[in-house]
Amino acid sequence: MITAYHQWSVPESQRLRLALAAKGVDFEAVAVAPDDDATFFDLGIARTLPVLVDDQGTVHTDFPATLFELDGIAGGEPLVEGAIDQGAWDALLDWREQAEPLLQRLYAPVVPAFRDVGDDDAAFEAWKREAEHRFGMGLEALANDRYAAYEQFATLSRLPELGRYLEQRRFYTGTLSVADCLLAADLAPLQQLDGVSLPVSIMYYIQRVEAACGAATADGLLAA
């Protein structure tokens with residue numbers, strides 16, 4: 001049995017969960033608590049997320065590269081072969097690298113909306129301290145900064161144009177691929193930002209990807 005270790009509030013984890021669900025293979029999704037170090041000790045690795053243990057017992061931690069290799073690792077419905085080539089994947093990762101600082105600032109005030117942090121007082125306090133250390137401001141200040149950060153992200157990513165493209169193509173390359181699992185997982189948390197609205201076309205795209213995968217990015221929300 002394939003096992004995916006993930007954390008609800010970590011978009012990189014949800015990419016893997018969406019992809020495995022889309023493949024239609026049997027797998028166990030294990031939600032790891034923020035303070036659970038024992039699981040990683042048992043796996044013999046430093047704490048990192050996500051983690052994939054294949055049906056041969058091999059531990060995979062090299063993400064997002066492992067996503068692109070998932071057809072060979074997990075089998076099931078192809079999400080790479082015939083769906084996306086290396087050049088298109090590399091271009092998507094280049095964009096994601098450029099957007100990383102802005103996305104992390106936008107994610108920060110949303111993290112407590114997920115069960116793994118919002119349902120655990122100790123985890124919530126730990127996240128508040130980590131956010132202040134990483135970004136030099138508290139969660140309230142980061143929440144107040146969301147409008148400016150989102151506008152920068154929307155401009156960098158050309159979100160209206162991206163939305164129109166995805167509306168026409170339905171999926172990133174015209175067919176469901178690991179690229180859609182990445183995009184949907186990474187954009188979905190922005191829907192939890194109060195007063196910030198993704199283009200409607202992108203919200204429909206996220207729903208379309210979730211329906212095609214048979215899994216929802218909102219499963220880990222407190223309100224879900």
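User: Which side-chain oxygen reaches the backbone nitrogen of Gly87 at the start of α5?
Analyst: One from Asp85, which comes to within 3.2 Å of that nitrogen. Keep in mind that this is a predicted model, where local features need pLDDT of at least 70, side-chain atom pairs count only at pLDDT 80 or more, and totals for chains, interfaces and linings use all residues. Residues are numbered from 1 along each chain as its sequence is written, and side-chain values use heavy atoms, leaving out hydrogens and water.

User: Thanks! Where does helix α5 bend?
Analyst: At Glu100, by about 55 degrees, and Pro101 follows within four residues. The bend is the angle between axes fitted to the seven residues ending there and the seven starting there. The helix covers residues 86-107; helices are DSSP runs (H or I, at least four residues) and strands are E runs of at least two, numbered from the N terminus.

User: Which residues of α5 are buried?
Analyst: They are Trp89, Leu92, Trp95, Arg96, Ala99, Leu102, Leu103, Gln104, Leu106 and Tyr107. Buried means under 20% relative accessible area, with a 1.4 Å probe and protein chains only.

User: And what covers them?
Analyst: The cover includes α1, α3 (65-68), α7 (121-135), α9 (146-157) and α11 (178-187).

User: How many aromatic pairs does the structure hold?
Analyst: Three. Rings of Phe, Tyr and Trp (its six-membered ring) pair if their centres lie within 6.5 Å; planes under 30 degrees apart count as stacked, over 60 as edge-to-face and the rest as tilted. In one of the pairs, Phe68 and Trp89 have ring centres 5.6 Å apart and planes at 25 degrees, so they are stacked. Phe68 sits in α3 and Trp89 in α5, 21 residues apart, and both are buried.

User: What about Trp95 and Phe153, why do they count as tilted?
Analyst: Their planes are at 50 degrees, with centres 6.3 Å apart, so that pair is tilted. Because Trp95 lies in α5 and Phe153 in α9, the pair ties together parts that are 58 residues apart in sequence. Trp95 and Phe153 are both buried too.

User: Switching to the sheet: what order do the strands take?
Analyst: The order is β2-β1-β3-β4, in an open sheet with mixed pairing. Two strands pair if DSSP finds at least two bridges between them. At the edges, β2 (27-31) and β4 (59-60) each pair on one side only.

User: Do β1 and β3 run parallel or antiparallel?
Analyst: Antiparallel, with three bridges joining β1 (residues 2-6) to β3 (residues 51-53). For instance, Thr3 has Val53 of β3 as its bridge partner.

Technical notes:
Buried < 20%, exposed > 50% of the residue type's maximum accessible area, 1.4 Å probe, protein only. Contact = heavy atoms within 4.5 Å. Polar contact = N/O pair within 3.5 Å; in protein donor to acceptor, adjacent residues only side chain to side chain.
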